[in-house]
Amino acid sequence: MSRSPGRRRTTRWKPVGALLAALVMSCAGAASAVSPASYGPTPPHNPYAGPDGTATMHGDTGSSDTTPLAGPGAGTLGSSRTALASACPTVLVGSDGYPVALCTPIFGQVPTVHLLDPQDNSSLTTLKLTKGSLLGGVYAYIDHQDRLVVADGSRSLLRVGHHRTSAGDWSLTVDRSLSLTSVIPEDDAVTGLAPDWKGRVWFATGGGVVGTADDSTGTVKTLTLPAGERVANSISTAPEGTAVTTTHATYLLNTEDGTPRVVWRKAYDRGTARKPGLLSWGSGSTPTFFGPGTGTEYVAIVDNADSTANLKVYRTADGSDVCSVPVLRAANGPGSENSPVGVGRSVFVAGTYGYPYPAVPEGAGSSVPASADFAGGLSRVDVRADGAGCSLIWDNALRSAAVPKLSTADGLLHTVVRDPLIPGTKGTSLLDPFRYVQIDPANGQVTHSGKVGVGSLYDTLQMAGTITRDGAYLQGTVTGVLRITAQ
């Protein structure tokens with residue numbers, strides 16, 4: 001453990017007006033006048049997870065990518081960067097307000113937990129974990145006691161707490177550990193994990209092992225999915241069960257005694273190969289629970305069909321089809337590595353087709369085509385009020401470079417976009433500018449934005465942002481963490 005304050009660079013800019021927003025956005029389809037506050041409920045709070053909006057990469061254990069917290073307002077925006085020489089895909093915040101970041105250093109690639117100062121994002125202390133696969137250890141969550149729950153490269157389930165020492169300094173410690181080596185092969189690793197409503201930790205491995213772990217009793221029970229099906233994204237939990245999307249199908253699983261059982265399985269079109277801008281051959285979605293009644297009536301993913309990308313919505317109760325809607329057509333980018341945003345009857349899909357990742361997981365396979373321009377795209381689809389099908393509300397060519405978050409407090413979508421170095425072009429470069437933006441979910445238009453930086457140091461790499469309770473927007477980058485605020 002060590003104290004590593006990190007270097008910070010601060011920039012300020014004036015609000016960008018509606019005219020610039022109109023130049024960078026194109027909108028198609030009829031817009032809805034319904035405000036996010038009236039969309040309906042978000043998934044119910046999981047009593048074994050931390051605060052909704054900040055406990056998981058996707059906000060809650062249902063992976064709705066919503067937050068009850070308001071983001072930076074419409075005033076003058078400011079941005080600071082904590083340089084950690086690490087890619088930081090996971091930035092979470094517990095009930096005490098202290099951000100916890102799970103990062104992978106550029107050199108050595110040993111996963112490292114950082115406790116950040118809530119005022120300025122400087123690193124207060126660190127804890128190195130055992131190195132594993134590229135995706136192993138990316139997904140984690142904050143539990144109801146403000147501990148980071150993560151599986152490391154030793155195939156152990158860890159609960160990492162942060163504590164004050166007798167001298168008043170901070171330390172990060174492994175408060176509880178449970179080995180999963182008896183159920184996870186040596187060449188496999190945990191990809192995603194989340195708690196259920198009885199406190200068990202559900203997990204899924206890249207090789208298709210799904211299990212539950214009770215680290216208070218040491219009980220671990222598993223189910224192996226069909227051969228050849230891999231899990232490349234995280235998993236989601238709701239009172240009805242646990243949703244897992246593999247490279248072939250989406251599952252809802254449940255349990256009575258801890259042993260996972262399949263409630264339903266829905267295959268989707270995975271296409272003929274991995275696409276550029278995706279990290280696996282199949283859906284890039286962590287499945288999203290959403291719905292207008294309980295907040296979990298539906299499950300949404302995006303498929304990997306060759307010529308387009310389709311939003312697939314299923315009924316949670318039995319897996320029956322609600323709809324399959326082509327999305328991201330305005331951007332001509334048929335692919336998404338991101339989890340959909342879901343609230344009430346509305347789903348938002350951000351495209352990643354062609355995004356220039358510096359590396360892909362081992363075994364991901366070659367992409368077809370070998371490369372492509374970063375297309376981007378953002379679409380909104382609503383489930384019809386009677387539940388019989390869906391409608392595309394709007395579709396645009398916004399180039400989101402992060403997983404958008406929807407705030408039910410301020411009624412805005414928040415993300416970071418990657419603009420081309422030469423306006424009007426579609427390629428990417430090491431000198432691309434990055435902007436934080438606020439988007440009206442009713443019509444897809446940018447309402448407020450400002451530049452956070454230029455060049456690869458600011459690459460947000462399609463990672464998820466987190467809004468803190470003081471209104472700051474924390475966004476992981478390939479080299480550290482951004483803190484975006486407004487005055």
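Start by selecting K221 and D257: their side chains meet in a salt bridge, at 3.9 Å from N to O. A salt bridge here is a side-chain nitrogen of Lys or Arg within 4 Å of a carboxyl oxygen of Asp or Glu. K221 lies in strand β15 (residues 219–224) and D257 in the loop between β18 (249–254) and β19 (261–267), so the pair ties together parts that are 36 residues apart in sequence. Strands are DSSP runs (E, at least two residues), helices are runs of H or I with at least four, and both are numbered from the N terminus.

Before moving on, note that this is a predicted model, where local features need pLDDT of at least 70, side-chain atom pairs count only at pLDDT 80 or more, and totals for chains, interfaces and linings use all residues. Residues are numbered from 1 along each chain as its sequence is written, and side-chain values use heavy atoms, with hydrogens and water left out.

Now show K221 as a surface. K221 is partly exposed, because its relative accessible area is 28%. The cut-offs are these: buried is under 20% relative accessible area, exposed is over 50%, and partly exposed is in between (1.4 Å probe, protein chains only).

**Stop 1**

How many salt bridges does the structure hold? The count is 13. Side chains of opposite charge can pair when their charged atoms come close.

Select D459 and R418. Their side chains form a salt bridge of 3.5 Å, N to O. D459 sits in the loop between β32 and β33, while R418 is in strand β30, so this pair links parts 41 residues apart in sequence. Both D459 and R418 are buried.

Then select D143 and R159. This salt bridge spans 2.9 Å, N to O. D143 is in the loop between β8 (141–142) and β9 (148–151), and R159 is in strand β10 (residues 156–164), so the pair ties together parts 16 residues apart in sequence. D143 is buried, and R159 is buried too.

Go back to D459 and R418 for a moment: their salt bridge is the 3.5 Å one.

**Stop 2: the cavities**

Rolling a probe the size of a water molecule over the atoms shows where empty space is left. A search of the whole structure finds two cavities of 30 Å³ or more. A cavity is a set of points, on a 1 Å grid over the protein atoms alone, where a 1.4 Å probe fits but cannot get out; its lining residues have an atom within 4 Å of a point. Points are joined across faces, edges and corners, and the volume is the space filled by probe spheres set on them.

Select T56, S63, L193, S234 and I235. Among the 14 residues lining the largest cavity, these lie nearest its centre. The largest cavity holds about 90 Å³ of space. Which kinds of residue make up its lining? There are seven nonpolar, six polar and one charged. Nonpolar covers Ala, Val, Leu, Ile, Met, Phe, Trp, Tyr, Cys and Pro; charged covers Asp, Glu, Lys and Arg; the others, Gly among them, are polar.

**Stop 3: backbone angles**

Most residues other than glycine have a negative phi, and most peptide bonds are trans. Select L328, which is not a glycine but has a positive phi of about 60°. L328 lies in the loop between β23 (321–327) and β24 (341–343). L328 counts as buried, because its relative accessibility is 1%.

Move to Q462. Its phi is also positive, near 60°, and Q462 is not a glycine. Q462 is in the loop between β32 (446–454) and β33 (463–467). At 7% relative accessible area, Q462 is buried.

Now find V368 and P369. A cis peptide bond joins them, with omega about 0°. P369 is in the loop between β25 and β26.

**Stop 4: F374**

Select F374, found in the loop between β25 (346–350) and β26 (378–383). Is F374 buried or exposed? F374 counts as buried, at 2% relative accessibility.

**Last stop: L431**

Finish with L431, in the loop between β30 (412–418) and β31 (433–439). L431 counts as exposed, at 52% relative accessibility.

Conventions
1 Å grid on protein atoms, 1.4 Å probe; cavity = no way out; pocket = protein on both sides within 12 Å on 5 of 7 lines; lining within 4 Å.
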